[in-house]
Amino acid sequence: MQSKEIHIPISIYLLDELCANDQELMQAAIEATNRSYAPYSHFSVGAAARLKDGTIITGTNQENAAYPSGICAERTTLFYANSQHPDQAVITLAIAARNERGELLDEPIPPCGACRQVMLETQTRFATPMRILLYGNKGIYELQNVGDLLPLSFSAATME
Ligand code: THU
């Protein structure tokens with residue numbers, strides 16, 4: 001038998017320890033949580049994407065009475081960014097969430113599996129690493145690459 005370990009490097013910052021650009025992006029994600037449409041889960045998620053040219057695009061989760069028809073904040077944001085700016089890589093994606101009491105989460109918000117897969121597609125499409133910032137009151141996780149969120153991932157390369 002052989003074994004393998006996968007090492008995932010994560011840097012942890014408080015908000016005021018982030019560089020000015022990342023603070024601005026995270027603040028945009030936090031503000032976006034207030035524009036979430038989450039009448040069913042009462043879990044409000046905001047995301048903010050920094051494009052290569054510096055533009056910031058935000059998005060929120062959008063729920064539906066027919067539950068599967070809703071969509072997460074990360075996919076809202078990336079699909080909109082990629083639709084409006086198909087030639088601009090997303091270089092950083094910041095994510096924040098509030099619980100049903102309106103409080104920002106203490107622990108870093110973990111993106112769902114479908115969103116991780118969509119993040120990977122965006123990163124691959126532009127052949128540019130996409131940094132991920134996950135907001136938590138106790139610490140903001142920074143991952144340098146979507147691959148760190150989705151080890152052993154399936155991508156177009158798998159089919160070649
Ligand atoms: N949600 C997101 O928007 N992003 C995540 O990373 C996790 C979950 C949304 C989907 C749904 O509207 C609500 O949070 C509860 O799952």
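Leu 152 sits in the segment after strand E6 (140–143); helices (H or I, at least four residues) and strands (E, at least two) are DSSP runs, numbered from the N terminus. Leu 152 is not a glycine, yet it has a positive phi of about 55°. With a relative accessibility of 73%, Leu 152 counts as exposed; here buried means under 20% relative accessible area, exposed over 50%, and partly exposed in between (1.4 Å probe, protein chains only).

Before going on, please keep in mind that this is a predicted model, in which local features need pLDDT of at least 70 and side-chain atom pairs count only at pLDDT 80 or more, while totals for chains, interfaces and linings use all residues. Residues are numbered from 1 along each chain as its sequence is written, and side-chain values use heavy atoms, with hydrogens and water left out.

His 42 is another residue to look at: it has a positive phi of about 55° although it is not a glycine. You will find His 42 in the loop between helix H1 (20–32) and strand E2 (44–51). Its relative accessible area is 41%, so His 42 is partly exposed.

Follow the chain into E2 and you reach a mostly covered strand, with eight of its eight residues buried. Ser 44, Gly 46, Ala 48 and Arg 50 point one way from E2, while Val 45, Ala 47, Ala 49 and Leu 51 point the other way.

E2 pairs with strand E3 (residues 56–60) in the antiparallel sense, over five bridges; two strands pair if DSSP finds at least two bridges between them. Within this pairing, Gly 46 has Thr 60 as its bridge partner in E3. E2 and E3 form a hairpin with four residues between them, and Gly 54 in the turn has a positive phi of about 100°.

## Strand E4 between its partners

Strand E4 (residues 90–98) is also mostly covered: eight of its nine residues are buried. E4 pairs with E2 in the antiparallel sense over eight bridges. In this pairing, Ala 48 stands opposite Ala 94 in E4, and the bridge partner of Ser 44 is Arg 98.

E4 is also joined to strand E5 (residues 131–134), by four bridges, and these two strands run parallel. Leu 93 has Ile 132 as its bridge partner in E5. From E4 the chain crosses through helix H3 (residues 113–126) to E5, and this β-α-β crossover is right-handed. A crossover is right-handed if, with the strands pointing away from the viewer, the path from the first strand over the helix to the second runs clockwise.

## Salt bridges

A salt bridge is a side-chain nitrogen of Lys or Arg within 4 Å of a carboxyl oxygen of Asp or Glu. By this rule the count is five. One of them joins the side chains of Glu 103 and Arg 101, at 3.2 Å from N to O. Glu 103 counts as partly exposed, at 38% relative accessibility, and Arg 101 is exposed, with a relative accessible area of 60%.

Lys 138 and Glu 107 also meet through their side chains in a salt bridge, at 2.8 Å from N to O. The pair links distant parts of the chain: Lys 138 lies in the loop between E5 and E6, Glu 107 in the loop between E4 and H3, and they are 31 residues apart. Lys 138 counts as exposed at 59% relative accessibility, whereas Glu 107 is partly exposed at 44%.

For a buried pair, turn to Glu 142 and Arg 131. Their salt bridge has its closest N and O atoms 2.5 Å apart. Glu 142 is in strand E6 and Arg 131 in strand E5, eleven residues apart. Salt bridges that share partners join Asp 22, Arg 131 and Glu 142 into one network.

## The largest pocket

The largest pocket has a volume of about 270 Å³. On a 1 Å grid over the protein atoms alone, a pocket is an open set of points where a 1.4 Å probe fits, with protein on both sides within 12 Å along at least five of seven lines. Grid points are joined across faces, edges and corners, and a volume is the space filled by probe spheres set on the points.

The pocket is lined by 19 residues, and those nearest its centre are Ser 41, Asn 61, Glu 63, Ile 71 and Cys 72; lining residues have an atom within 4 Å of a point. By class, the lining has twelve nonpolar, five polar and two charged residues. Ala, Val, Leu, Ile, Met, Phe, Trp, Tyr, Cys and Pro count as nonpolar, Asp, Glu, Lys and Arg as charged, and the others, Gly among them, as polar.
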